[in-house]
Amino acid sequence: AAVPAPERTRATPLPAAERRAVIVRAVAPLLVERGAGVTTKQIAQRAGVSEGTIFNVFADKDDLIEAVIEAALDPEPLEERLAAIDPTLPFEARLVAATEEVQLRMMHIWRLIAALGPRTHRRPHQLPQSPGLAAIFASEPGRVRVEPLVAARRLRAMTVALTHPLMTPEPATPEEIVDAFLHGVAAPGEAL
């Protein structure tokens, strides 16, 4: 007697918002590689979906590209990574870990903006506050002489300046950035 073939079942479809998020995450690296000239076929292949699925959750390719840009600029994923830094680490080690996260985010945004060109230039360029970074400073109130939000803003600004390819030929390491931020560039024992 023939054994009946197992019944094929289709995976439960994701809600539209989750499907959008999955596609955005999958497509972001492709946009960095190929820019806005990427085809919907390439997008579908990278996302592992049909082209029809893309148009079920996005109005068109431009809508998808806008969603990728918005996701890249969303501060929440960075804040989640900052909140996950082990609070038992020494102060400087936490700042190094936070600076590394800020650098990774900035480099991703810059690569995406460079790949997509002028469509990204109309966006506001000021960085939002970083409660996660400020919390690291707030946990060590005697370590810096400015308010935690000010310290966080200055460390991020220094990180941007010492990472951006237009500002420096080689990005500084997170350790170098934190050392310069906390201790300056004067030789030990030198009074300015």
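**Helices, core and a few residues**

H4 and H6 are roughly antiparallel to each other, because the angle between them is over 145 degrees. Before the details, please note that this is a predicted model.

Here are the numbers for that pair. Helix H4 covers residues 61-73, and its axis comes within 10 Å of the axis of H6, with a crossing at roughly 155°. The handedness of the H4 and H6 crossing is left-handed. On the H4 side, the residues that meet H6 are Ile-65, Val-68, Ile-69, Ala-72 and Leu-73. On the H6 side they are Arg-105, His-108, Ile-109, Leu-112 and Leu-116. Sorted by class, the contact of H4 with H6 has eight nonpolar residues, one polar and one charged.

Now the chain as a whole. How many helices and strands does the chain have? There are nine helices and zero strands. The chain has 192 residues, and buried residues make up 34% of them. If we take contacts between residues at least 6 apart in sequence, 65% of those contacts join residues at least 24 apart.

Next, the core. The largest nonpolar core has 43 residues, and the members that touch the most other members are Leu-64, Leu-133 and Phe-137. Which helix gives the most to this core? That is helix H6, residues 91-116, with 10 residues.

Take Leu-133 from that list. Leaving aside neighbours within four places in sequence, Leu-133 is in contact with Glu-79, Leu-82, Leu-95, Ala-98, Ala-152, Leu-155 and Arg-156.

Ile-136 sits in helix H7, which spans residues 131-138. Is Ile-136 buried or exposed? Its relative accessibility is 6%, so Ile-136 counts as buried. Again leaving aside neighbours within four places in sequence, Ile-136 is in contact with Ile-85, Phe-91, Arg-94, Leu-95 and Ala-98. Leu-95 and Ala-98 are also among the contacts of Leu-133. As for distance along the chain, Ile-136 and Glu-92 are 44 residues apart in sequence, and their C-alpha atoms are 9.7 Å apart in space.

Helix H8 is residues 148-161 and helix H9 is residues 174-183; they pack at an angle of about 130°, with their axes 10 Å apart. That angle makes H8 oblique to H9. The crossing of H8 and H9 is right-handed. From H8, the contact uses Ala-151, Arg-154, Leu-155, Met-158 and Thr-159, and from H9 it uses Ile-177, Ala-180 and Phe-181. By class, the contact of H8 with H9 divides into six nonpolar, one polar and one charged.

Some of those residues come up again with Thr-99, which is in helix H6. Thr-99 is buried, with a relative accessible area of 2%. Which residues is Thr-99 in contact with, leaving aside its neighbours within four places in sequence? They are Leu-155, Thr-159, Pro-174, Ile-177 and Val-178. Thr-99 and Thr-159 are 60 residues apart along the chain, and their C-alpha atoms are separated by 6.9 Å.

Last, two residues in loops. Glu-140 is found in the loop between H7 and H8. At 25% relative accessibility, Glu-140 counts as partly exposed. Leaving aside neighbours within four places in sequence, Glu-140 is in contact with Phe-91 and Arg-94. Both of those residues are also contacts of Ile-136. Glu-140 and Phe-91 are 49 residues apart in sequence and 7.3 Å apart in space, C-alpha to C-alpha.

The other one is Pro-75, in the loop between H4 and helix H5, which is 76-83. Pro-75 is partly exposed too, with a relative accessible area of 30%. Leaving aside neighbours within four places in sequence, Pro-75 is in contact with Arg-105 and Pro-128. Arg-105 is one of the H6 residues that H4 meets. The C-alpha atoms of Pro-75 and Leu-127, 52 residues apart along the chain, are separated by 9.0 Å.

That is where I will stop.

Notes:
Residues are numbered from 1 along each chain as its sequence is written. This is a predicted model: local features need pLDDT of at least 70, side-chain atom pairs count only at pLDDT 80 or more; totals for chains, interfaces and linings use all residues. Side-chain values use heavy atoms; hydrogens and water are left out. A nonpolar core is a set of buried Ala, Val, Leu, Ile, Met, Phe, Trp, Tyr and Cys residues joined through side-chain atoms within 4.5 Å. Buried means under 20% relative accessible area, exposed over 50%, partly exposed in between (1.4 Å probe, protein chains only). Helices (H or I, at least four residues) and strands (E, at least two) are DSSP runs, numbered from the N terminus. Contact means heavy atoms within 4.5 Å. Axes are lines fitted to C-alpha atoms, for helices over the stretch in contact, and angles run from 0 to 180 degrees between N-to-C directions. Angles under 35 degrees count as roughly parallel, over 145 as roughly antiparallel, 65 to 115 as roughly perpendicular and the rest as oblique. A crossing is left-handed if the near helix is turned anticlockwise from the far one by less than a right angle, and right-handed if clockwise. Ala, Val, Leu, Ile, Met, Phe, Trp, Tyr, Cys and Pro count as nonpolar, Asp, Glu, Lys and Arg as charged, and the others, Gly among them, as polar.
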